[in-house]
Amino acid sequence: MKVFCGRANPTTGSVEWLEEDEHYDYHQEIARSSYADMLHDKDRNVKYYQGIRAAVSRVKNRGQKAVVLDIGTGTGLLSMMAVTAGADFCYAIEVFKPMADAAVKIVKKNGFSDKIKVINKHSTEVTAGPDGDIPCRANILVTELFDTELIGEGALPSYEHAHRHLVQENCEAVPHRATVYAQLVESKRMWSWNKLFPVRVQTSLGEQIIIPPSELERCPGAPSVYDIQLNQVSLTDFTVLSEVLPMFSVDFSKQVSSSAACYSRQFEPLASGQAQVVLSWWDIEMDPEGKIKCTMAPFWAHSDPKGLQWRDHWMQCVYFLPQEEPVVRGTAHCLVAHHDDYCVWYSLQKTSPEENGRVHQMRPVCDCQAHLLWNRPRFGEINDQDRTDRYAQALRTVLTPDTVCLCVSDGSLLSVLAYHLGAQQVFTVESSAASHKLMKKIFKANHLEDRINIIEKRPELLTAADLEGKKVSLLLGEPFFTTSLLPWHNLYFWYVRTAVDQHLGPGAVVMPQAASLHAVVVEFRDLWRIRSPCGDCEGFDVHIMDDMIKCALDFRESKEAEPHPLWEYPCRSLSEPQRLLTFDFRQPVPQKPLHAEGSMELRRPGRSHGTVLWMEYHLTPDSTVSTGLVEPTEDKGDCCWNPHCKQAVYFLSPTLDPRVPLGSPQAVSYAVEFHPNTGDITMEFKLTDATD
């Protein structure tokens with residue numbers, strides 16, 4: 001059986017569905033999964049082991065057999081812990097078949113096949129009883145169903161079903177309890193990830209301000225959480241307005257409800273300011289007494305900041321209030337946490353919902369289109385005034401009073417900049433109906449609906465009539481396209497430039513005039529762990545999982561670089577940044593591939609965990625915008641990355657296992673090739689030893 005998988009096609013700027021081998025999706029899921037990260041999470045594993053030992057002991061002390069139900073077993077690690085702790089039998093549930101198959105092998109290799117049964121089903125499809133999947137209800141419930149938001153992977157419905165159908169009343173549960181915490185803050189930086197700010201443009205007629213439409217101002221935004229490594233956000237980027245507030249707890253040893261609910265906590269603001277953002281995290285207690293605790297608290301709220309466990313499978317949450325609201329120090333307010341079966345959101349009220357009888361339990365819904373089209377980093381990018389100023393400065397050098405400008409980028413304000421800076425006529429292409437609708441709102445709010453022509457069609461399909469018979473003298477792009485996953489996917493702009501060549505007038509300017517692909521070899525502080533083999537985990541042999549990930553990484557797409565927002569993942573450069581390929585937008589896409597090979601000399605000691613790649617766009621000969629490094633690396637090699645973009649990471653496998661000595665690599669060799677027919681860039685990077 002074949003499967004269809006979506007892949008970004010830079011030649012068309014769209015996601016296309018390709019027929020692949022039936023195992024393709026499985027391999028991608030495994031290769032890019034968090035299993036390795038979880039196995040390396042020492043704090044998580046130790047706390048689970050302690051909690052499981054304690055739960056088994058309590059059951060045994062009551063003179064009962066310990067029967068364990070492990071939901072979401074993954075590698076089978078927690079089930080093996082349970083049997084080692086003395087459990088009589090364990091039923092391990094895993095819905096993802098490749099993982100269920102791996103769990104069977106891992107359990108067998110560790111000698112537990114006689115006491116662990118792996119069941120390849122969703123837990124809500126499992127039955128208990130003489131004719132069921134498990135012969136009787138379990139008296140110990142072990143689960144790891146949590147995501148950064150705690151409930152986003154369906155933990156509540158799974159617990160609800162398990163208590164009704166699969167476990168005994170008042171069973172032991174590991175974890176026993178989870179508590180969600182929240183802290184209200186004011187943060188211009190984080191608020192810029194949610195709302196469109198006024199954009200200022202200096203023109204010959206004075207300052208012009210691009211204002212957001214009222215629909216964007218009133219819109220409550222999208223309900224989706226923004227999960228980030230909150231420890232990488234500087235304390236100077238926000239003002240704390242409240243203490244850390246415990247919002248709600250879930251006792252997993254009792255019947256759990258997935259019904260919508262809300263919880264309010266009264267507080268007095270620590271400072272006056274604009275309440276905008278709720279920072280949130282959770283902890284889990286593995287035992288009823290709460291002595292064995294695993295917390296996701298950021299460093300400023302952590303009991304042992306120096307002993308923080310780095311992890312990527314659980315981070316922290318950023319939520320945005322529907323509207324910013326002023327708060328005054330010492331004046332009582334209520335922060336309200338709402339949740340349904342999969343989603344959490346927050347609101348701020350002056351009295352508790354119980355007092356005023358108003359409980360807003362409906363999820364916030366974006367009705368302005370912007371939150372559906374722009375992700376959080378894109379909001380931040382559009383709101384970056386320094387970035388806007390750079391584009392404006394470049395535009396001033398090429399615009400003339402008779403410029404006919406065609407703007408090609410998804411949901412971009414460049415067309416407005418071009419108009420304010422003096423272009424005679426401006427056209428902008430929006431290929432989706434939603435994007436077209438949003439841009440019409442922005443133009444109308446700024447009284448530009450009759451000044452800028454929006455063309456709703458794919459740019460390759462433009463006709464002379466669309467351009468009112470005029471030749472384009474400035475083809476303009478950021479470039480940015482919503483379908484782009486890797487930095488070079490925005491090379492779709494080059495294909496557009498080629499397709500509209502017939503509409504360009506003599507001497508037409510293309511901005512950016514060129515782009516270049518850059519790379520640097522880095523040592524990550526922590527990110528290397530997500531691709532590092534584990535070997536043994538708490539005394540259990542999980543080499544089979546390592547081999548499974550390695551096999552998955554041998555598949556075609558997995559060999560490519562993968563996107564990561566590196567401002568969240570500190571690293572230091574071991575080589576100097578190097579330009580690998582250049583793409584000349586002043587000329588159409590060439591027929592033949594572009595190829596480059598060479599090596600990057602390692603100038604600093606360290607483990608070469610990977611090569612980071614990014615694009616730079618050369619607006620003019622004197623102006624460049626980088627999607628990667630935004631400042632020269634410091635003496636120690638510390639890197640400062642563009643916070644609005646994801647960079648691409650090509651992991652160097654030999655360095656990811658800290659147990660393997662590396663010798664003395666002196667360089668990283670590379671071979672990269674741009675394929676015009678597909679828009680893909682294939683690449684290979686290898687460590688070169690001193691003896692090579």
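At what angle do α3 and helix α4 (residues 77–84) pack, and how far apart are their axes? In this predicted model, in which residues are numbered from 1 along each chain as its sequence is written, local features need pLDDT of at least 70 and side-chain atom pairs count only at pLDDT 80 or more, whereas totals for chains, interfaces and linings use all residues. Side-chain values use heavy atoms, with hydrogens and water left out.

The angle between α3 and α4 is about 40°, and their axes lie 9 Å apart, where axes are lines fitted to C-alpha atoms, for helices over the stretch in contact, and angles run from 0 to 180 degrees between N-to-C directions. That angle makes α3 oblique to α4, given that angles under 35 degrees count as roughly parallel, over 145 as roughly antiparallel, 65 to 115 as roughly perpendicular and the rest as oblique. The crossing of α3 past α4 is right-handed, a term used if the near helix is turned clockwise from the far one by less than a right angle, with anticlockwise giving a left-handed crossing. Helices (H or I, at least four residues) and strands (E, at least two) are DSSP runs numbered from the N terminus.

Side chains of opposite charge can pair when their charged atoms come close. The structure holds 31 salt bridges, each being a side-chain nitrogen of Lys or Arg within 4 Å of a carboxyl oxygen of Asp or Glu. In one of these, R311 is joined to D43, with the closest N and O atoms 3.1 Å apart. Because R311 lies in the loop between β16 (293–295) and β17 (316–327) while D43 belongs to helix α3 (residues 42–61), the pair ties together parts that are 268 residues apart in sequence. R311 is buried, at 5% relative accessible area, and D43, at 19%, is also counted as buried (buried means under 20% relative accessible area, exposed over 50% and partly exposed in between, with a 1.4 Å probe and protein chains only).

The salt bridge between D101 and K97, with its closest N and O atoms 2.9 Å apart, is formed inside helix α5 (residues 97–109), where D101 and K97 are 4 residues apart, about one turn of the helix. D101 is partly exposed at 34% relative accessibility, as is K97 at 43%.

Among aromatic side chains, a search of the whole structure finds 26 pairs, rings of Phe, Tyr and Trp (its six-membered ring) being paired if their centres lie within 6.5 Å, with planes under 30 degrees apart counted as stacked, over 60 as edge-to-face and the rest as tilted. The rings of W614 and W641, with centres 5.7 Å apart and planes at 75°, are therefore edge-to-face. W614 is buried at 1% relative accessibility, and W641 is buried at 5%. Elsewhere, F146, Y159, F252, W282 and W314 form one aromatic cluster.
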